[in-house]
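Subject: Structure handover

Hello,

Here is the structure I promised to pass on. Please open it next to this email, as the notes below go residue by residue.

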Amino acid sequence: MKQFQIEKLTGLVLACVLGAVTTGFAGDGGGRVKAGYIYIDEEGNHAVNQETYNSYEGFGLSFEDWKYRWDNGVTLKANLHNITLNNRNLRASASKPGLFNISLRNSQYRRSYDFDGGRFTRRWTTGGQLSIQPHRNAKLFGGFTKADKHGVSSLSTTTVSDSVFSSTDYAHSSYNIGGQAFCPYGSARIEYRRYDFDDQLSANRDRKANSIRVDASTLVPGANWINLSGGYYHRVNELDASELELKTNQGWGGVKLYLPKGHLLDYRILFARTRHSGDDSETDNVINTIVVGKSIGRIAGVRIGYENRISDDLVDRTVSHGFLFRGWYNYQQRLFLKASLATRKKEVKTGTTLLGDENVTRHRLTARYRDDRWGDFTAQWQGRIRENQDLRSKVDYNAISLDGNLTPSEYGRLSLRYSYYVGKYENNSDEINYQFSDHVVAATLYPKAYRDITVHVGATYYRSRRDRDAEKFSLNFAAVYRFLDDHELEIKYQVFNFDDFIAGGSYYTANIVEISVTKAISIG
Amino acid sequence: MEVSAWPTQRPLFPIWALGANILLLTGSVLAQEAAVDDETCLACHDDYELSVADSPHRLSSQTSQPVVQIGCISCHSGGEVHAEDPSEDNISNPARLIGQETGRACRKCHQPHRELDNYGFDAHADLELSCSECHRVHNYGREMLLDDRAEFCLRCHQSVQATFERRSNHPIGQGIMTCLSCHRFTRRADHNTAYGLSRVCQDCHPEQGGPFLHEHGAALAYEVGGSGCIECHNPHGSENDRLLRLPGNELCRSCHVEHVTRNHQNLWDEVWSRQPCQTCHIETHGSFVSELYLDPDLPAKLGGNCYDPGCHSLSGQGGK
């Protein structure tokens, strides 16, 4: 069935291309063919959370970066990665600027929950989009996406729950069709979407959704420093087995004023009314946002904003006030400073909610220095505090990142990164207060190419102390030898290691070797 | 005539500038500076035609049957002066402009998506990032993006990078996803208030989507007391299973602190102590049969003890 779909899609692309390309037009193009073998040696457990979970051993064949362009502007592209393996990722498109564009994709990946291959989930995704432009000011588009997933997964990968598994088998598809009209001042877009969810294990979960969206934006003729925008969105989710329904109507609008001397005023409003037929509830959400700012060319800028959110279901009502500050300074394209601070205070005005009143504050400071000869260095400090007085809980974390790229042209490139993440969680129960911290150190070296040989080597070390005491380490090495002008021999070696020092026996090790030959081919 | 490479310096309000801008927007693209053709440009910039040949910006002069008229001067103004006296300073380059002015250059043909879709705080617009900060016209990548890999975004969002190293994560590192898989700048109007579960999450996890007869309010973005999937999950990465923000029962207890003991302490303490909440409350995203989100197959799994008369029931009524 799926094979049949792919063949149908391929036929559609070919039909479009052949229809658009008349004989007599010359063309040229090319791409790369890559063939190789991937060898995987792994042992341990908890494979689901390792980077290797979607890797497959076997013969891999890829057609990478294929392009063919005719003189009349029609271009055909294809990027078909690992056609012969289960982690294939295929993309193809055909287009002519101003006339049409058609794109297709197919991919799949899996997650394994044990090492004997008995418990895994696999997802296939196939999709396509077509757009045609019958007029320079109008575009019609439509497409589909289909995702199938099946398999068995564990609800939790902790030792205590290893016996709890659940099965999955569903098909999820969506179709969309719409149009866009544009003129020099602005544009308008309308789109209809349909979703279908078909659960093979439980028919009472089958459902569908229909949505329609209209958005428009324009500069005001005669005053193109004023931008007006707005839209409407309607969506209905329905269960097939009952009359259960979730219906939403949402409208939004905004005005942005580009004022003299780099000043800016931006106001937006959003209103959404959502009705759930299960408990016959109706919830309104209203969001008002206003931002004022000033920019001095590419040198500096500042933004100050306020956001008001009201959520009301006639029984409970919450109001939140948010403030935002952002500023940046750019000194001669060498030193870049950026700071932001945002707060949000939510209060329950009427009724009671599970979470109650809540305060959130977060900040971020960034400094970057760039030198054309030596590279760049960046330091960043980010923090967040979330307090809930009703639950008497508090989460407070800080993250510091240092990132450097040394690029002396005569030697190559060295990339270094360190991140430190620390925080604590408090609750009214002393039993579950705890601190957590993460460290990540990573380095990658790209030496300058020597004759026809290019290599790079990198390593990442990660240590986490949260509820677990986990350590991860990975090493990767790659060497490429270019020969006969258009051939490449590539050898890749990767090592992954994971240990959990609290959960006894929780470890994972993998060695992956990939040897491949790539040939560049030109056509025309 | 000297043409500045920094049109941002040009005042916007004077009437003559306003008129010029309107002419710029409404006039035929090629008619703006017809005196300079592509051949003149390509005589020096001989590799530039190839850099856009496969793209929507393919030059009309190099196409046998062009549908749209695109030339070098469609984006770069000041060609006449530049042809006489080649210099970086007398030809405009949209890549050097900042936010609003880049948009003005690109919007001759494109609608800036932050104007069509955006509302609320927008970090990228607020920082006056320009189209060229993310998009590239010459030697472009997918979607005309400078680089669509996660590494590109993480250059600025460095603090997020460490979270993807955690034990449970979204597969950014494996290249299966990119930041753009979830953070869709062109579809921001799909605000979460319009959905049960977050719209973006539903695309890949539709099995968790409702509507359910018994909703878990915290998981619903539109609910007065809920904030969507992120109430329980850290979408970037977590040391806990399933991207959960807190380990095991602590996550449930962080909200249901009055109702849940640390372990399942009751008459069945001996048998069912130290069980994860999810052993029984399996349908935490919502349920059609149990307002306590209990597993419909629990009687079969546990031998029926929990649902004996006088004890628990699927509906939660009459339970202990």
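**Chain B in brief**

Of the 320 residues in chain B, 49% count as buried. Please keep in mind that this is a predicted model. Chain B contains 15 helices and four strands. Take its contacts with a separation of 6 or more: residues 24 or more positions apart account for 49% of them.

One residue of chain B deserves a look. S74(B) sits in helix 4, residues 72-75 of chain B. Is S74(B) buried or exposed? S74(B) has a relative accessible area of 8%, and the cut-off for buried is under 20%, so S74(B) is buried. Its side chain reaches the backbone nitrogen of G71(B) at 2.9 Å.

**Aromatic pairs**

How many aromatic pairs does the structure hold over all chains? There are nine. One of them is Y68(A) with W70(A), an edge-to-face pair. The centres are 4.7 Å apart, and the planes make an angle of 70°. Y68(A) and W70(A) are both buried.

Y306(A) and F323(A) also form an aromatic pair, and this one is tilted. Here the figures are 5.2 Å centre to centre and 50° between the planes. Y306(A) has 27% relative accessibility, so it counts as partly exposed. F323(A) is partly exposed too, because its relative accessible area is 48%.

There is also an aromatic cluster, made up of Y397(A), Y421(A) and F436(A).

**Arginines over rings**

Two arginines lie over tyrosine faces. R413(A) lies over the face of Y446(A), 4.2 Å from the ring centre. The other case involves both chains: R166(B) lies over the face of Y421(A), at 4.1 Å from the ring centre. Y421(A) is also part of the aromatic cluster above.

**Nonpolar cores**

Which residues make up the largest nonpolar core? It has 10 residues: I38(A), I40(A), Y56(A), L85(A), A470(A), F496(A), F498(A), Y508(A), A510(A) and I512(A). Three strands of chain A each supply at least two residues of this core: strand 1 (27-44), strand 25 (487-500) and strand 26 (506-523). Strand 26 of chain A gives the most, with three residues.

A second, separate core has nine residues. Among them are Y421(A) and F436(A), together with L244(B) and L246(B).

Strand 8 (residues 165-182) and strand 9 (residues 186-199) of chain A run antiparallel and are joined by 13 bridges. A hairpin of three residues connects strand 8 of chain A to strand 9 of chain A. Y170(A) has D199(A), in strand 9 of chain A, as its bridge partner.

Strand 9 of chain A also runs antiparallel to strand 10 (residues 207-220) of chain A, with 12 bridges between them. Y192(A) has its bridge partner, I212(A), in strand 10 of chain A.

N210(A) lies in strand 10 of chain A as well. Its side chain makes a polar contact of 2.5 Å with the side chain of Y192(A). Leaving aside residues up to four places away in sequence, N210(A) touches Y192(A), R193(A), R194(A), H234(A), R235(A), V236(A) and E238(A).

**Y267(A)**

Where is Y267(A) found? It is in strand 13 (residues 263-276) of chain A. Its relative accessibility is 31%, so Y267(A) counts as partly exposed.

Setting aside residues up to four places away in sequence, Y267(A) touches G253(A), G254(A), V255(A), N288(A), T289(A) and I290(A). With N288(A) there is also a polar contact between side chains, at 2.5 Å. E307(A) is 40 residues from Y267(A) along the chain, and their C-alpha atoms are separated by 9.8 Å.

Best wishes

Definitions and conventions: Residues are numbered from 1 along each chain as its sequence is written. Chains are lettered from A and ligands numbered from 1 in the order in which they are written. This is a predicted model: local features need pLDDT of at least 70, side-chain atom pairs count only at pLDDT 80 or more; totals for chains, interfaces and linings use all residues. Side-chain values use heavy atoms; hydrogens and water are left out. Rings of Phe, Tyr and Trp (its six-membered ring) pair if their centres lie within 6.5 Å; planes under 30 degrees apart count as stacked, over 60 as edge-to-face and the rest as tilted. Buried means under 20% relative accessible area, exposed over 50%, partly exposed in between (1.4 Å probe, protein chains only). A charge sits over a ring if NZ of Lys or CZ of Arg is within 6 Å of the ring centre and within 35 degrees of the ring normal. Contact means heavy atoms within 4.5 Å. A polar contact is a pair of N or O atoms within 3.5 Å; within protein, one must be able to donate a hydrogen and the other to accept it, and residues adjacent in sequence count only if both atoms are side-chain atoms. Two strands pair if DSSP finds at least two bridges between them. A nonpolar core is a set of buried Ala, Val, Leu, Ile, Met, Phe, Trp, Tyr and Cys residues joined through side-chain atoms within 4.5 Å.
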